[in-house]
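Here is a walk through a predicted model.

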Amino acid sequence: MPAVSDGATLFQAQQWVAGYADPVVGPVSLTLSRGEIVGLSGPNGAGKSTLLRSLLGLARIHAGHWETRPDLVWRYLPQRPVRPAQAPLNGTEMLRLMQADRLPPPARLAAKLDRRVDRLSGGEYQLLQLWCTLAGPGDVVLLDEPTNNLDPEHGQFAAQAILDRRSAHGTLIVSHDADFLARVCDRCVEVSS
Amino acid sequence: MNLAPIWDPVFLLPWLAGLPLVLALALLGTLLRLRDEWLAALGLAHLATASGLAGAAVGMPPPLAAPVGALLGAGLKYLTGKGQNSAYGVMILAGWSTTLLLAANTALGDALAHAVVDGQLYFAGRLEVGLAWLAGGLVLVLLPVLMPHLLRARFFPDHELANRLPIWRWHLVFDLLVAGVIAVATMTLGLMAAFAFIFLPAMMAFSGARSWRGTLIASGIIGGLAYLASFVLALALDQPFGPLAVALLLIGLGLARLRPRLNASGAW
């Protein structure tokens, strides 16, 4: 994979087509720099999540020109974070696992950190996973539907957390929530299959 | 109840052989449960039993032969992927069938199969003690290294893949470690006792602990206390160790399940 020469640019893709056995989405052209927040919007089934997964090597890139900075550290919040039925870890241990315990967590989250993660509500668990993704070391943060399971108040909290951490990395967000993307993103790229 | 045998030096070696194993099993059991792989332990124990008997049939010490089958099982488990209950079922049936066929067709195999199924810890000698402390030492050294990688792989499986980190080697080392410990434990404690010490302490700890650290401590304490109690009671009451240990752990499980209800009713 060729390396980008511009110091601030983390990766850039031209006419990017991604999928699994067959192409699902694209072509899409996109550049992401440190400090930037870029949204991927589009209807359900357009292949937004497939695009993210192809960046991580979890889906296939079928065509396009692609450059990235060498040795990028990726952090990824999947659309459905893994949540075992029984998981006797507390929130603090979960943050430590992802080296996300070096920053003081937001107050709303800090109050829940001594609880077992399998006893958090769906929204609380989503926020914990989001902070695990945002607060650890990384160059590129990929968030797939970060507002899943969140009510409007928690959605506001998620938006603020993403904005607070924006300078630490480049952020790419997939969401079906146009208002959320408008609130946090510098620009959006429309995706179609 | 006759407590005199407890102080007989002849029982020191069996006691020393069992102690590191139950602690190792209780700790490994927490990770197996979190990974939804606890059934694999029963499959590996059956394969270890069959392998130990096959070794005895050709003149090899069973505690040294047992890990061969368990490690082959670990290889199968690794190759078939995580959480494959069908593969564990095949391991259980293959181990059971081989064990009973070997037992039916060899005189030594018959005696050994009874000993392993009954769980006769009191036959343990210096070889078992040496292997047990080796297994316990490996768990003590490797588990702190493996733990963060395995926990991260459980909760954030895409993280290691996305960053091209070699997570496969942590899974493989863990599988081999589990197989080795279960093999030694099966030959020392007995088949179902080894499975019970990997399955039940973790199950009890999972329901009550407030943190992962607490889960590890609780599982180790439950396993250790159940071992001490069953060791003493089996000697004092002249009972087979394995079934008694399993019975005590099951009573513990029942009490652990009853306690929240008693708490709720105000009777506790």
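Across the interface of chain B and chain A, the rule finds one salt bridge. B:Asp158 makes it with A:Arg53. The closest N and O atoms of that pair are 3.9 Å apart. The cut-off for a salt bridge is 4 Å, so this pair counts.

Which elements of chain B give two or more residues to the side that touches chain A? They are α1 (12-34), α6 (126-155), α7 (157-162), α9 (191-208) and α10 (212-237) of chain B. By class, that side has 11 nonpolar, six polar and seven charged residues.

Now take the interface as a whole. The contact involves 24 residues of chain B and 29 residues of chain A. The size of an interface is often given as the accessible area lost when the parts come together. Here chain B and chain A bury about 2100 Å² between them. Carbon and sulfur atoms carry 60% of that area. In chain B, the residues that lose the most area to chain A are B:Phe155, B:Phe156 and B:Asp158. Together they account for 31% of what that side buries. B:Asp158 is also the salt-bridge partner of A:Arg53.

Turn next to the sheets of chain A. Strands of a sheet pair through backbone hydrogen bonds, either parallel or antiparallel. One open sheet of chain A has three strands in the order β2-β1-β4, with antiparallel pairing. β2 (23-33) and β4 (60-68) of chain A stand at the edges. Each has a single partner strand, so one side of each is left without a neighbour in the sheet. The twist averages 10 degrees from one strand to the next. Strand β1 (residues 9-19) of chain A pairs with β4(A) over seven bridges. A:Ala13 stands opposite A:Trp66 in β4(A). Helix α1 (residues 48-55) of chain A lies across β1, β2 and β4 of chain A. This helix runs at about 125 degrees to β1(A).

Another open sheet of chain A has five strands, in the order β5-β6-β7-β3-β8, and its pairing is parallel. Its edges are β5 (74-77) and β8 (187-190) of chain A; each has a single partner strand, so one side of each lacks a neighbour in the sheet. The twist averages 20 degrees from one strand to the next. Strand β3 (residues 37-41) of chain A is joined to β8(A) by four bridges. There, A:Val38 has A:Arg187 as its bridge partner. Helix α4 (residues 122-135) of chain A packs on this sheet, touching β5 and β6 (140-144) of chain A. Its direction makes about 170 degrees with that of β5(A).

Note on methods
Residues are numbered from 1 along each chain as its sequence is written. Chains are lettered from A and ligands numbered from 1 in the order in which they are written. This is a predicted model: local features need pLDDT of at least 70, side-chain atom pairs count only at pLDDT 80 or more; totals for chains, interfaces and linings use all residues. Side-chain values use heavy atoms; hydrogens and water are left out. Two strands pair if DSSP finds at least two bridges between them. Axes are lines fitted to C-alpha atoms, for helices over the stretch in contact, and angles run from 0 to 180 degrees between N-to-C directions. Contact means heavy atoms within 4.5 Å. Buried area is the accessible area (1.4 Å probe) that two parts lose on being put together, summed over both. A salt bridge is a side-chain nitrogen of Lys or Arg within 4 Å of a carboxyl oxygen of Asp or Glu. Ala, Val, Leu, Ile, Met, Phe, Trp, Tyr, Cys and Pro count as nonpolar, Asp, Glu, Lys and Arg as charged, and the others, Gly among them, as polar.
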